[in-house]
Every structure is written in C-alpha cells, then in structure tokens.
Amino acid sequence: MLRVGIIGSGFGLYGLLPAFYSLKNCSITAVCANNPERLSKYCYPLGLKNTYTDWRKMLDKEKIDALAIAVAPSAQYTIAKTAIQKGVHVFAEKPLADTYKHAKTLYDLALKHKVTHAVDFIFPEIHEWMIVKNLLENNKYGKLKHISVNWDFLSHDIKYGISSWKTDALKGGGALSFYFSHSLYYLEYFAGEIEDVKSNLSYSEKSVNGAEVGVDLLLLFKNNVDGSAHFSCNTIGLNRHHLVFQCEKASIILDNKNSFVSNFRITIYTENGEKSITPKKRTIKDDEKARVEVVKKIAERFVSACIHKQQMKPSMKEGLRVQQLIKIIKAQV
C-alpha cells in the first residue's frame, strides 16, 4: 500500500485529494494546507485527521512514500526538491517550477535518487483527445499538415483583480506558464517536437502583478507540420477551447465551450460533408468533478509506477521540456 501525502490549499484539496483517495493500492497518510478551515472541510468528511499547515513538519513526522503537490511553482520547486532528496516519489503540478534551471534541478535529482515522478498535464487524458490522437497516429485522414489552437476565457484572478502568484511571472504565474504550459505539452503530443517558434505576449492592467494575459505563437514542427496558437485569460464573454487539425483528406475539429475539461466534441469535415463523433461515456456536467476524473487517470498510473519501481508519462522529463519552451518564448519578448 503506497502511503501518499497531499500538499495544497486549492486544487490540492478539491482535486488531488479526491483523485488519490479513490484509488486502490494507496492511502492518504497526511494532508497539508495553509488554511485550517479548508483542511477541515475536505479532510474530516473522509476521516483524515493527520493534517498539517507546515509541509516540512509533515515530511519530518510522517512516513510518506509519495507526495502530490499543488502549490505555486516557486514553492513546488522547494517542496519537491526536499521530498526527492528524502527518496519520496513526486506527483507535481504544471508548470514544474518557476524557472527552467529549477525544473532541470528537480529532474536531475529525480534521476539521481531514482524516484518515480509525474506532472499533471491533463488534456491528453480526456477521452475525445485520445480519439483524435489515434486518428492522427493512424493517418486516418492522411498526414497532419497544420494545427491551430484558439483558447479564450476570463480567469478568476483577472476578473476580480486578485493579487496572487497566478499573475506574478517571477513566481511561475502568467498566461504562458500557468495556463499555456498545458498547450505546449499537448501541441507536441499531437504534432511532434517543436523546431521553431515565433512569439508575442500581451498584457493588461487587470493583471495585478504584471504577468502576461495572452500568448500568440507561430510554430514549425520537426516533421514539417506548421501551426499557430492563440491563448487569452482576459477574454470577456467568450469561453472556448478550439483545436483544428488540417490533414491531407480532412479537417478535424476538437473543441468545447464554457468548461475546462468537459463537453469536448469532435467534428470531421471531408469532401463528403461533416461527421461528428459522439463520446461513448456520458459527460460529467460538474466541471470540478470531471477534472478530478481526468487527474485520477494520471494518478492511477503514478501509483502503479511507484509500487512497481517504474517510470511513467507525463513525467518531469516532459515538464522540463515545457519549461524549456517557456524559456525560449520568453527570450523572444
């Protein structure tokens, strides 16, 4: 039985905790958050009484095999580094750290101490995304020629002018690191390694700590696929995640509206007309619960890999690659 510790007051409690709690072959040994009221709200109904507000004390006092972390990237670096040096397996959030240097340190330490590691890149775990990946890999509609992304919404921190790490680039926040790190991962998941990128970042006074609110890219992949990507967390009245895959014999659309991970649909346009692929499973309407179900897939692989002393994907290797791309993009601005 894998003994798991959870750290985080936000997604750590409403996302990671229920995801890991529901898994076989692991038990929640302790939970740490800096908000005692939230700790009580989420832990006591599950009968979890080993709670902490100091993660160092938790790691010192509890016998933990693996740690799942959901904190600011700058803090995640410090916590993950300490855990790895203790031989504890680490399930990290994206982005892996606040800088490429820190991300590389974590990856190198994980290799040195031979711990299992994971990074929570969730979109490729969604059923409809897997279908599209399969269509592309099998050249169902010929080779992929172009990929484009349009992802728009209004974030909670921008909407309400909240001062947090999410709008502080020095702490690993900002549209590029906090949100678009997902896209950098899934762009290479679908189209292969990015060879060249031209970038532009946009800003707004509504971002209290000055971090960027928008990302626009022109992309060239090593396999000669080209692409474009647009992201904004400062878009009023529009909530969409829209991907277009232009293949030799068809255009595949993967998109959703007014949700983070729910309600994705696939539409395929060929010379013979339009075809929709209906998901086999019923969509979960509660987006928070849907996100837990997606995270659970990665968590399940992580637990299995820890128990069998193996590695899994997505890992810190992929997290480091995304951090490298973030560094390249920022260097152009």
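Helix axes are lines fitted to C-alpha atoms over the stretch in contact, and angles run from 0 to 180 degrees between N-to-C directions. Helices are DSSP runs (H or I, at least four residues), numbered from the N terminus. The model is predicted, so local features need pLDDT of at least 70 and side-chain atom pairs count only at pLDDT 80 or more, while totals for chains, interfaces and linings use all residues. Residues are numbered from 1 along each chain as its sequence is written, and side-chain values use heavy atoms, without hydrogens and water.

**View 1. Packing of helices α1 and α2.** Residues 11–21 form α1 and residues 36–43 form α2; their axes lie 10 Å apart at an angle of about 25 degrees. Because angles under 35 degrees count as roughly parallel, α1 is roughly parallel to α2.

**View 2. Residues in contact between α1 and α2.** L13, Y14 and L17 of α1 meet R38, L39, Y42 and C43 of α2 (contact: heavy atoms within 4.5 Å). This contact of α1 with α2 has 6 nonpolar residues, 1 charged and no polar (nonpolar: Ala, Val, Leu, Ile, Met, Phe, Trp, Tyr, Cys and Pro; charged: Asp, Glu, Lys and Arg; polar: the others, Gly among them).

**View 3. The largest cavity.** A cavity is a set of points on a 1 Å grid over the protein atoms alone where a 1.4 Å probe fits but cannot get out; lining residues have an atom within 4 Å of a point. The largest cavity holds about 60 Å³ of space, a volume being the space filled by probe spheres set on the points, which are joined across faces, edges and corners. Its lining includes S155, D157, K166, Y179 and C233. Two or more lining residues each come from α7 (156–159) and α8 (175–191). By class, the lining of the largest cavity has 4 nonpolar, 3 polar and 3 charged residues.

Note on methods:
1 Å grid on protein atoms, 1.4 Å probe; cavity = no way out; pocket = protein on both sides within 12 Å on 5 of 7 lines; lining within 4 Å. Parallel < 35°, antiparallel > 145°, perpendicular 65-115°, else oblique.
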